[in-house]
Amino acid sequence: MVRSSSGIVAGLTAAALAAIGFLAYQASADVPNGLGSSRAADSSKTEAAKAPRDRQHPTALPAASGTGRRVVYSVDDDRVWLVGAGDRVKRTFKVTPGTVDPAPAAYVVTSRSGKITGSDGVAVEHVVRFTNVSGVAIGFSAALNDTTSTPAPSKKLGGIRESREDGTAMWEFATIGTRVTVIK
């Protein structure tokens with residue numbers, strides 16, 4: 001009887017593991033691009049075109065910057081838009097980029113930190129990370145001393161600095177899984 005019970009348990013365990021493996025495969029096949037990874041949703045090597053701009057309204061949300069709730073970051077304009085439901089801009093502000101830029105693509109917020117010391121040695125808060133470039137973490141943050149000075153070009157820094165007020169808005173808006181669209 002003990003042999004029969006352990007054989008049944010072994011069979012049930014094998015069946016359960018097979019079912020879990022199948023369900024895990026199905027789940028991973030249905031995950032939206034970029035969710036759960038810090039890689040760009042579109043990893044093509046082609047050079048992205050600059051998103052069209054409204055020349056009369058330079059702070060207007062650029063066309064072709066995606067749809068739905070998201071953060072839009074322009075590496076050329078050093079500007080961020082927090083975009084809510086219905087593609088309505090909730091807030092836009094200037095930022096000071098680090099020395100390492102993310103490639104234009106779609107990402108998601110992968111991690112956040114309340115207060116840390118940035119890689120440049122500056123105390124920062126409201127850190128919202130969305131990718132890595134050659135081992136350099138890329139994300140938004142606000143310096144506790146509220147400075148947004150341009151970093152030394154000799155250092156590899158991925159912190160995109162914003163004012164403390166804008167950093168608080170980013171922190172409240174960009175939770176884990178929030179889409180981040182990087183444009184030229």
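Is Arg164 buried, exposed or partly exposed? Keep that question in mind during the tour; the answer comes at the stop on Arg164. The model on screen is a predicted one.

**Stop 1: the sheet**

Select strands β5, β6, β7 and β8. These 4 strands form an open sheet, in the order β5-β6-β7-β8, and their pairing is mixed. At the edges are β5, residues 111-117, and β8, residues 159-162, each of which pairs on one side only.

Now keep β6 and β7 and hide the rest. Strand β6 covers residues 123-133 and strand β7 covers residues 136-143. The two pair in the antiparallel sense over 7 bridges. To see one of the partners, select Thr131 and then Ile138 in β7, which is the bridge partner of Thr131.

**Stop 2: the helix across the sheet**

Which residues of α2 are buried? Select Asp166, Gly167, Ala169, Met170 and Phe173 to see them. They lie on the same side of α2, because they cover an arc of only 160° around the axis. Turn to the other side of α2 and select Glu165 and Glu172, which are exposed.

Next, show what covers the buried residues of α2. The cover includes β6, β7 and β8 from the sheet, and also β1 (70-74), β2 (79-83) and β3 (89-94).

**Stop 3: Arg91 and its two partners**

How many salt bridges does a search of the whole structure find? The search finds 5.

Select Arg91 and Glu165. They form a salt bridge in which the closest N and O atoms are 3.2 Å apart. The pair links distant parts of the chain, since Arg91 is in strand β3 and Glu165 is in helix α2, 74 residues apart.

With all three residues on screen, you are looking at a network of salt bridges linking Arg91, Glu165 and Asp166.

Glu165 has 59% relative accessibility, so it counts as exposed. Arg91 is partly exposed, with a relative accessible area of 25%. Asp166, at 12% relative accessibility, counts as buried.

**Stop 4: Glu125 and Arg164**

Finally, select Glu125 and Arg164. Their side chains meet in a salt bridge, 2.7 Å from N to O. Glu125 is in strand β6 and Arg164 is in helix α2, so this pair links parts of the chain that are distant, 39 residues apart. Glu125 counts as buried, because its relative accessibility is 6%.

That leaves the opening question.

Conventions
Residues are numbered from 1 along each chain as its sequence is written. This is a predicted model: local features need pLDDT of at least 70, side-chain atom pairs count only at pLDDT 80 or more; totals for chains, interfaces and linings use all residues. Side-chain values use heavy atoms; hydrogens and water are left out. Two strands pair if DSSP finds at least two bridges between them. Buried means under 20% relative accessible area, exposed over 50%, partly exposed in between (1.4 Å probe, protein chains only). The arc is that of the directions from the helix axis to the C-beta atoms. Contact means heavy atoms within 4.5 Å. A salt bridge is a side-chain nitrogen of Lys or Arg within 4 Å of a carboxyl oxygen of Asp or Glu.
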